[in-house]
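Hi everyone, thanks for coming. Let me bring up the structure, and then we can walk through a few parts of it together.

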Amino acid sequence: MLIKKPSDIKTSEITPENVYKSRREFMLDGSKLMLGTMAGASLPATVLAQNGGALKARAPASMQRAAPAPWWAEKFSSIKPAPNSEPFFTGETLTPYRDVTHYNNFYEYGMDKGDPSANSNPSQPDPWSVAITGEVARPGTYNLEDILKPVDLEERIYRMRCVEAWSMVIPWIGFPLADLIKQFEPTSNARFIEFETLVDPDTMPGVTSRFAMVNWPYREGLRMDEAMNPLAFMAVGLYGNYLPSQNGAPMRLIVPWKYGFKGIKSIVRINFRETQPNTTWNDLQANEYGFYANVNPAVHHPRWRQDMERRLPQTLFSRQHIETQLFNGYGEQVAHLYNGMDLARNF
Amino acid sequence: MAKLIKPSVLLIALLPFFILLLRIARNDLGPDPAQELSIETGEWTLRFLLITLAMTPLRQITNQVVFVKHRRMLGLFALFYGSVHFLSWMTFLLGFRWFAIVEELLERPYITVGFSAFLILVALGVTSPKPMVRKLGKNWKRLHRLVYLAAVLGVIHLLWILRTDITEAVLYGSILTGLLGYRLLRFWWTQYNAGKIG
């Protein structure tokens with residue numbers, strides 16, 4: 001005898017395909033959201049613990065530096081936090097404060113990555129003056145305090161790609177370079193901007209080394225339209241704190257779409273000029289380091305590859321080799337500056 | 001006493017390797033360990049090459065045979081550190097991307113130079129056991145003179161990778177010049193004494 005068993009599930013209870021698919025997507029999105037929140041939670045605890053968590057990143061309490069002078073403290077009391085979106089922000093994992101401040105190329109303090117933090121003065125120099133020269137309506141020697149007076153400090157989280165094929169993600173404090181330039185009213189002849197680093201044999205052991213072939217002072221430069229690009233940034237701090245000497249105190253340049261060596265440190269002179277300035281690395285090895293030095297995975301350094309980078313910090317067995325992006329991922333903001341230029345020749 | 005010399009040399013020569021292993025285990029190579037490991041192993045390769053090359057002059061100057069007794073082992077340690085250097089470069093710096101490794105070997109002169117030095121060390125290592133010495137006869141000595149070339153290539157390799165500070169290359173280069181110069185002077189001196197030149 002064959003008894004026909006009715007189906008356990010009534011047809012009315014079966015979920016239509018479009019409904020269960022959308023439900024799955026909803027759950028997937030939900031788990032992505034969770035992951036996103038967890039990534040946020042993995043930022044250093046100090047970020048959220050201090051000052052109401054306004055800034056996205058702060059130096060660990062034990063490593064915070066004292067204000068070099070009261071005006072610095074006042075300036076740092078109001079900083080606009082980084083936005084939540086590119087390009088002035090990236091959600092990539094931050095390079096820890098200790099690595100950012102103890103793994104530096106700053107040859108004035110020595111050739112090894114640990115030399116700048118070991119050899120530089122732990123307290124930031126103050127007062128500091130910057131000579132403004134060349135094609136400007138208001139040349140002169142200005143106190144840094146006065147240069148910073150009209151600018152608003154903000155936090156920006158940028159990728160930094162070193163020409164040596166490693167990279168970091170760093171939360172800087174500073175202001176757009178354009179805001180500095182406008183103060184001194186460049187003339188129509190000002191087509192390039194040139195920067196110079198401090199040379200002080202008393203505090204910088206590297207500048208007296210016989211084997212370093214650098215012709216001090218360190219010099220860098222930008223084309224005026226590059227300098228006016230909103231991404232070009234003058235940093236006076238990092239991780240919500242005053243800039244350590246090894247990172248270029250009291251003021252240094254950040255050009256995130258270019259190799260790190262363009263980011264000249266401890267600036268004492270800014271010169272506006274009609275012709276392209278000589279730059280230190282270009283003078284040393286013109287076939288290896290160009291004036292533009294835009295991050296470009298297709299143009300290798302003659303001695304090593306540039307298509308990948310080691311995101312720091314690494315451990316040997318959990319390595320992060322990531323693909324280097326053209327203009328360090330800032331192409332949308334800067335690619336137009338180089339329209340019609342052969343980037344392989346103008347490297 | 002003499003029996004203790006060989007194991008002591010062996011242990012001392014392995015010490016830098018153990019220290020590196022310890023630093024790896026303690027995650028103490030800094031934020032860019034791949035780079036640090038490559039630099040360290042490269043330098044130890046060059047140091048062992050120079051130590052090996054110093055043995056013959058030391059024997060001749062001091063008249064102590066002990067210096068050449070362990071020369072082969074020291075040379076093999078240069079090969080050992082060179083192998084670790086080469087492997088860590090392939091693994092940790094290039095992530096075993098074969099096309100990249102081949103491209104680097106062919107297109108970057110300093111890597112071609114370093115790799116050539118490494119190939120020489122491999123050839124010398126393979127022909128270092130006693131049966132090979134006997135088998136190769138006269139040619140063994142000719143082949144093993146390539147160690148001078150390997151050392152010169154090693155210093156060029158280092159000089160070429162440095163960015164601006166050439167202190168270390170100058171240091172190793174001077175030591176090598178001294179070791180090779182000593183041999184040249186000694187050669188001339190013996191020729192002179194034999195009345196062949198002068």
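Predicted model: local features only at pLDDT ≥ 70, side-chain atom pairs only at ≥ 80, totals over all residues.

**A helix, its partner and a chain contact**

Now the helix itself. How far apart are the end C-alpha atoms of α10(B)? They are 38 Å apart, and since 27 residues at 1.5 Å a residue should span 39 Å, the two values agree.

Next, its neighbour. When two helices pack, we describe them by the angle between their axes and the distance between the axes. Here, helix α9 (residues 146–161) of chain B and helix α10 (residues 167–193) of chain B have axes that come within 9 Å and cross at roughly 165°. Angles over 145 degrees count as roughly antiparallel, so that is how α9(B) and α10(B) run relative to each other. Their crossing is left-handed.

Which residues meet there? From α9(B) we have Tyr148(B), Ala151(B), Val152(B), Val155(B), Leu158(B) and Leu159(B). Facing them in α10(B) are Glu168(B), Ala169(B), Tyr172(B), Gly173(B), Leu176(B) and Leu180(B). By class, this contact has 10 nonpolar residues, one polar and one charged.

Finally, let's look across to the other chain. The contact takes 19 residues from chain B and 21 residues from chain A. On the chain B side, the elements giving two or more residues are α2 (33–62), α5 (98–107) and our friend α10. That side of chain B has 10 nonpolar, five polar and four charged residues.

Key. Residues numbered from 1 in each chain as written. Chains lettered and ligands numbered in written order. Axes fitted to C-alpha atoms, helices over the stretch in contact; angles between N-to-C directions. Helix = DSSP H or I, 4+ residues; strand = E, 2+ residues; numbered from the N terminus. Parallel < 35°, antiparallel > 145°, perpendicular 65-115°, else oblique. Left-handed = near helix turned anticlockwise from the far one by under 90°. Contact = placed C-beta atoms within 7 Å. Nonpolar A, V, L, I, M, F, W, Y, C, P; charged D, E, K, R; others polar. Expected span 1.5 Å × (residues − 1).
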